[in-house]
Amino acid sequence: LGARKAFREHFAMPIERYQDQAALEELKTLTTPFILRRVKTDPRVISDLPEKVETKVYCTLTEEQATLYEAVVQDVMQEIESEEGVKRRGLVLSMLMQLKQICNHPAQYLHQAGTDFSLDGRSGKLERLGELLEEILAEDDRTLIFTQFSEMGGMLADYLPRTFGAATQFLHGGTPSKKRDQMVKRFQEDEQAPSIFILSLKAGGTGLNLTRANHVFHFDRWWNPAVEDQATDRAFRIGQKRNVQVHKFVTTGTLEEMIDDMIETKKGL
């Protein structure tokens, strides 16, 4: 494969940037004898694993979300023009985070959690989640909802029981280890356990067996597809008896569409 510089010039750049099929085939030919890969979807590994069906759920911004979104873009872009270097990059990253929060819910961006502000009718994403959950709860199915923001998880844990009368559990980075084990055991084994399990992506994305769920929601999207797949695999793993429906939320006309494109490109690579 040559030295690092040669590898980058001959393989990495042509394949990553230009989708060079000749370079790709050459790399495959060179590496295939040394790679053994087994995935759980291979029937030779396990013959009775159910299907995983992934669906993009497209949502629209409400008027409040669109107004906030535009205001943040305009304000930050003006600042960016007058800055450079590290500070400029910091402004860009801060803007991306703010826009993701607005796409989730204006109350998250405005830090209104725990106040008297209503959550109803303000977020296209939350409205769509409600519509889907009504159908799922009517079928008596169990659901995992992943979000990268603990604040958003807390808001969902407060909102969903009041709206649907369905109890929830919320596992996040601050959940003690003992309580975390109890929550997982309850979800898996107790017929009376809450059917909605909200998890922060970092705290609940690995190491848990939650095969009682057959619906997985990604309320907001992470940059790395492997992190999302690991979270989905809390339900889609050996021991799962039913097909798993994966719902990935994308707010149209926003940076979430770009994140989605980036994730698909990385998966392709």
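Buried means under 20% relative accessible area, exposed means over 50%, and partly exposed lies in between, with a 1.4 Å probe and protein chains only. Helices (H or I, at least four residues) and strands (E, at least two) are DSSP runs, numbered from the N terminus.

As background, nonpolar side chains tend to be buried together in soluble globular proteins. Contact means heavy atoms within 4.5 Å.

## The model and its overall fold

A word on what you are looking at: this is a predicted model, in which local features need pLDDT of at least 70 and side-chain atom pairs count only at pLDDT 80 or more, while totals for chains, interfaces and linings use all residues. Residues are numbered from 1 along each chain as its sequence is written, and side-chain values use heavy atoms, with hydrogens and water left out.

The chain has 11 helices and 6 strands, and 43% of its 269 residues count as buried. Its C-alpha atoms fill a box of roughly 60 × 60 × 30 Å along the principal axes. Among contacts between residues at least 6 apart in sequence, 73% join residues at least 24 apart.

## H6 against H7

Two packed helices are described by the angle between their axes and the distance between the axes. For helix H6 (residues 124-138) and helix H7 (residues 150-164), the axes come within 12 Å and cross at roughly 55°, which means that H6 is oblique to H7. The axes are lines fitted to C-alpha atoms, for helices over the stretch in contact, and angles run from 0 to 180 degrees between N-to-C directions. Angles under 35 degrees count as roughly parallel, over 145 as roughly antiparallel, 65 to 115 as roughly perpendicular, and the rest as oblique.

The crossing of H6 and H7 is right-handed; a crossing is called right-handed if the near helix is turned clockwise from the far one by less than a right angle, and left-handed if anticlockwise. On the H6 side, the contact is made by Leu-126, Leu-129, Gly-130, Leu-133, Glu-134 and Leu-137, and on the H7 side by Leu-156, Tyr-159, Leu-160 and Phe-164. By class, these are 8 nonpolar, 1 polar and 1 charged residues. Ala, Val, Leu, Ile, Met, Phe, Trp, Tyr, Cys and Pro count as nonpolar, Asp, Glu, Lys and Arg as charged, and the others, Gly among them, as polar.

## Two further helix pairs

Helix H1 (residues 4-18) and helix H2 (residues 21-31) have axes that come within 9 Å and cross at roughly 120°, so the two are oblique to each other. H1 passes H2 in a left-handed crossing. Here Phe-7, His-10, Phe-11, Pro-14 and Ile-15 of H1 meet Ala-23, Leu-24, Glu-26, Leu-27 and Leu-30 of H2, a contact of 8 nonpolar, 1 polar and 1 charged residues.

Helix H10 (residues 225-232) and helix H11 (residues 255-268) pack at about 90° with axes 9 Å apart, so they are roughly perpendicular to each other. Pro-225, Glu-228 and Asp-229 of H10 meet Ile-263, Lys-266 and Lys-267 of H11. This contact has 2 nonpolar, no polar and 4 charged residues.

## Loop residues worth a look

Ser-195 sits in the loop between helix H8 (177-189) and S4, and is buried, with a relative accessible area of 16%. Its C-alpha lies 7.9 Å from that of Leu-137, although the two are 58 residues apart in sequence. Leu-61, in the loop between S1 and helix H3 (63-81), counts as partly exposed at 25% relative accessibility. Leu-61 and Thr-252 are 191 residues apart in sequence, with 7.6 Å between their C-alpha atoms.

Asp-140, in the loop between H6 and strand S2 (143-147), has a positive phi of about 65° although it is not a glycine. At 67% relative accessibility, Asp-140 counts as exposed.
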